[in-house]
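Hello,

Here is the structure I promised to pass on to you. Have a look at it first, and then read my notes below.

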Amino acid sequence: DWRLAAGSAQLQPFFFGRALPKFASNGAGQFKFFPATAAAALQGGLQVEAAEFEQIRPELHALGRVRLKSDFDLTVEAGLVRFNKLEVGLAGEQPVLALRITGSPVFDFKRLRLDPASPAAGEILHINLLGLPISWLAPFCSAADLSGGVITGEVAVIRTGDNQLTLQTSTPLQVEGFSLVRAGRLLLAKVDLKMDAEAGLS
């Protein structure tokens, strides 16, 4: 069995005086190693709560306090990670998103690619955007100023019949009161957006 209880105070000495966000993590589960094949299996759950992201960049103050909860069941062998189970929940003041992996896909570290476990068409990743604040995205969009409410909707990664991966919305992405300013010019002012999207993943 494994158990984890760690926080920023334990890691701070390894960062040579550089400030870290405040965080605390707790987790527990099982770990197995198979010497004959050099394979490993890891199951369990992990919870992390973090705040004061402005210690990294001042503009990350907008993130506030963030909570993450995950449940997982992984096997690792020959540079491949099989996700038998992965469910992740992210929240701030309110729930932000829920992510789950289905169909036991495999991540190939050499190719940096997530592949389905079988050739059959179907969903392998589902993301439910319960309320992603625009203020969380704004610090990462230096070319423009973004403001507005929260983004909701559902996005899935699907394996199609021709062995391709497709990213598509299963429920339209929506945001209310969205504004966009670039180079001092107001391009969008408090508009309500609704979008369906689909894109191929190479």
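Gly64 counts as partly exposed, because its relative accessibility is 31% and that class lies between buried (under 20% relative accessible area) and exposed (over 50%), computed with a 1.4 Å probe and protein chains only. Its place is the loop between S3 and S4; helices (H or I, at least four residues) and strands (E, at least two) are DSSP runs, numbered from the N terminus. Leaving aside neighbours within four places in sequence, Gly64 is in contact with Ala50, Ala51, Glu52 and Phe53, where contact means heavy atoms within 4.5 Å.

Before I go on, please keep in mind that this is a predicted model, in which local features need pLDDT of at least 70 and side-chain atom pairs count only at pLDDT 80 or more, while totals for chains, interfaces and linings use all residues. Residues are numbered from 1 along each chain as its sequence is written, and side-chain values use heavy atoms, with hydrogens and water left out.

Ala78 sits in the loop between S4 and strand S5 (80-91), and it counts as exposed because its relative accessibility is 68%. What is the phi of Ala78? It is positive, at about 55°, although the residue is not a glycine. Most residues other than glycine have a negative phi. Lys190 also has a positive phi, of about 50°, and is not a glycine either. Lys190 belongs to strand S13 (residues 185-195) and is exposed, with a relative accessible area of 71%.

S6 and S9 run antiparallel and are joined by five bridges, and Leu97 stands opposite Leu129 in S9. S9 also pairs with S11 in the antiparallel sense, over nine bridges. In that pairing, Asn128 has Glu154 in S11 as its bridge partner.

On to the charges. Side chains of opposite charge can pair when their charged atoms come close. How many salt bridges are there? The count comes to four, with a salt bridge taken as a side-chain nitrogen of Lys or Arg within 4 Å of a carboxyl oxygen of Asp or Glu.

- Arg65 and Glu49 form a salt bridge, with the closest N and O atoms 3.1 Å apart. Arg65 is in the loop between strand S3 (39-51) and strand S4 (66-77), Glu49 is in strand S3, and the pair links parts of the chain 16 residues apart. Arg65 is partly exposed at 48% relative accessibility, as is Glu49 at 33%.
- Glu59 and Arg57 form a salt bridge, with 2.7 Å between the closest N and O atoms. Glu59 is partly exposed, at 38%, and Arg57 is partly exposed, at 30%.
- Glu123 and Arg100 form a salt bridge, the closest N and O atoms being 3.8 Å apart. Glu123 lies in strand S9 and Arg100 in strand S6, so the pair ties together parts 23 residues apart in sequence. Glu123 is partly exposed, at 29%, and so is Arg100, at 39%.

Finally, the surface. Leu11, Phe14 and Phe15 make a nonpolar patch of about 300 Å². Patches are made of residues with over 30% relative accessible area and no salt bridge, with like charges joined within 9 Å and nonpolar side chains (Val, Leu, Ile, Met, Phe, Trp, Tyr) within 5 Å; accessible areas come from the Shrake-Rupley method with a 1.4 Å probe, and for residues only the protein chains shown count as cover. Phe15 lies in the loop between helix H1 (8-11) and strand S2 (22-34) and is partly exposed, at 35% relative accessibility.

Best wishes

Conventions. Pairing = 2+ DSSP bridges.
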